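Please keep the sequence and the coordinates at hand while reading.

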Amino acid sequence: MSTRRTLPVPDGLVGERVDAALARMLGLSRTAAAQVAEGGGVLLDGRVLGKADRLPAGGWLEVDLADPEDPAPAEVVPTPVAGLIIVHDDDDVVVVDKPVGVAAHPSPGWTGPTVVGALAAAGFRVSTSGAAERAGVVHRLDVGTSGLMVVAKSERAYTALKRAFAERTVEKVYHALVQGHPSPTVGTIDAPIGRHPSSDWKFAVVAGGKPSVTHYEVLESLPGASLLEVHLETGRTHQIRVHLAALRHALVGDITYGADPTLSARLGLERQWLHAVRLGFEHPGTGAWLELSSEYPPDLTTALDRLRAAYA
């Protein structure tokens with residue numbers, strides 16, 4: 001079975017390849033978007049489009065997506081991932097610096113690289129708790145978000161870290177580049193998040209959603225944008241992206257949640273400017289506090305430098 005989405009061609013994506021545009025509009029991977037197009041699942045005003053076709057202005061798209069209720073079983077395929085760095089490893093945990101374009105674990109519809117697959121390819125033995133395709137995974141980062149992620153290797157680590165995340169004792173710190181200048185410059189967003197009422201591949205602030213709390217502080221004001229430090233109390237899917245978009249300060253590059261595609265193109269960004277810079281937690285084996293940090297990857301550094309150069 002499949003679900004059909006009908007939507008206009010956004011002005012900011014006119015001239016884009018079909019696979020690239022679908023990935024940005026619907027939150028799919030580029031590979032998954034290409035597969036939809038190759039299967040004849042993308043129509044423009046009733047005409048089938050190929051993955052390399054360019055989107056014209058003024059048309060209506062119809063996209064057939066596989067139903068999430070009818071998924072194919074996910075499978076862990078050991079696959080090395082270029083750019084994935086091991087920043088800490090011991091008997092209980094392994095902490096990785098995840099590059100953009102890598103999922104935390106396999107899932108229906110995702111055919112790209114995963115952290116779980118990369119660790120398997122490198123010979124790591126992780127906790128067997130939880131579903132097989134999510135072995136050792138105690139929290140996740142979006143495919144389009146880079147930075148630090150911890151995976152449990154021992155069973156005691158899995159249990160302890162799942163509890164720590166649930167009890168909000170893990171320190172999760174992100175840097176985000178957002179459009180505009182938030183006021184106040186230091187604040188807390190306490191708003192429930194759930195499925196978007198009309199776009200079920202997105203999330204939104206909705207009544208009856210799950211409690212979600214995000215703290216932010218402006219680190220640097222730039223032309224038309226601000227660099228924020230963000231601390232998460234909760235860990236909802238797309239939480240930072242949804243909360244900041246709800247404040248009308250979408251993450252730069254985050255087309256799915258309303259970012260300006262012209263600014264993204266000017267800065268050379270093909271994903272949201274969001275990086276997990278710091279991760280701290282009580283080590284499940286020793287009880288000592290373990291804190292790790294990560295530098296910005298090249299694409300985010302380049303975008304930030306281009307904005308800073310506007311002041312020069």
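A crossing is called left-handed if the near helix is turned anticlockwise from the far one by less than a right angle, and right-handed if it is turned clockwise. Helices (H or I, at least four residues) and strands (E, at least two) are DSSP runs, numbered from the N terminus. The model is predicted, so that local features need pLDDT of at least 70 and side-chain atom pairs count only at pLDDT 80 or more, while totals for chains, interfaces and linings use all residues. Residues are numbered from 1 along each chain as its sequence is written, and side-chain values use heavy atoms, with hydrogens and water left out.

In these terms, α1 passes α2 in a right-handed crossing. Helix α1 (residues 18-26) packs against α2 at an angle of about 120°, and the axes are 8 Å apart; axes are lines fitted to C-alpha atoms, for helices over the stretch in contact, and angles run from 0 to 180 degrees between N-to-C directions. This angle makes α1 oblique to α2, given that angles under 35 degrees count as roughly parallel, over 145 as roughly antiparallel, 65 to 115 as roughly perpendicular and the rest as oblique. Val 18, Asp 19, Ala 20, Leu 22 and Ala 23 of α1 meet Arg 30, Ala 33, Ala 34 and Ala 37 of α2, where contact means heavy atoms within 4.5 Å. The residues of this contact divide into 7 nonpolar, no polar and 2 charged; Ala, Val, Leu, Ile, Met, Phe, Trp, Tyr, Cys and Pro count as nonpolar, Asp, Glu, Lys and Arg as charged, and the others, Gly among them, as polar.

Within α2 (residues 30-38), Ala 32, Ala 33, Ala 34, Val 36 and Ala 37 are buried. Buried means under 20% relative accessible area, exposed over 50%, and partly exposed in between (1.4 Å probe, protein chains only). Just after α2, Gly 40 takes a positive phi of about 80°.

A nonpolar core is a set of buried Ala, Val, Leu, Ile, Met, Phe, Trp, Tyr and Cys residues joined through side-chain atoms within 4.5 Å. The largest such core has 29 residues, of which Val 115, Met 149, Tyr 174, Val 230 and Ile 240 touch the most other members. Elements that each supply at least two residues of this core include β6 (93-98), β8 (171-179) and α5 (239-246), and α3 gives the most, with 4 residues. Beyond its neighbours within four places in sequence, Ile 240 is in contact with Tyr 174, Val 230, Leu 232, Leu 251 and Leu 274. A second, separate core of 20 residues includes Val 9, Val 18, Ala 21 and Val 42.

Backbone geometry comes next. Most residues other than glycine have a negative phi, and most peptide bonds are trans. His 238, in the loop between β13 and α5, has a positive phi of about 60° although it is not a glycine; His 238 is buried, with a relative accessible area of 16%. Arg 248 also has a positive phi, near 65°, but counts as exposed at 75% relative accessibility. The peptide bond from Ser 183 to Pro 184 is cis, with omega near 5°, and Pro 184 lies in the loop between β8 and β9 (186-190).

Finally, Val 205 in strand β11 (residues 203-205) is partly exposed, with a relative accessible area of 38%. The C-alpha atoms of Val 205 and Val 242 are separated by 7.0 Å.
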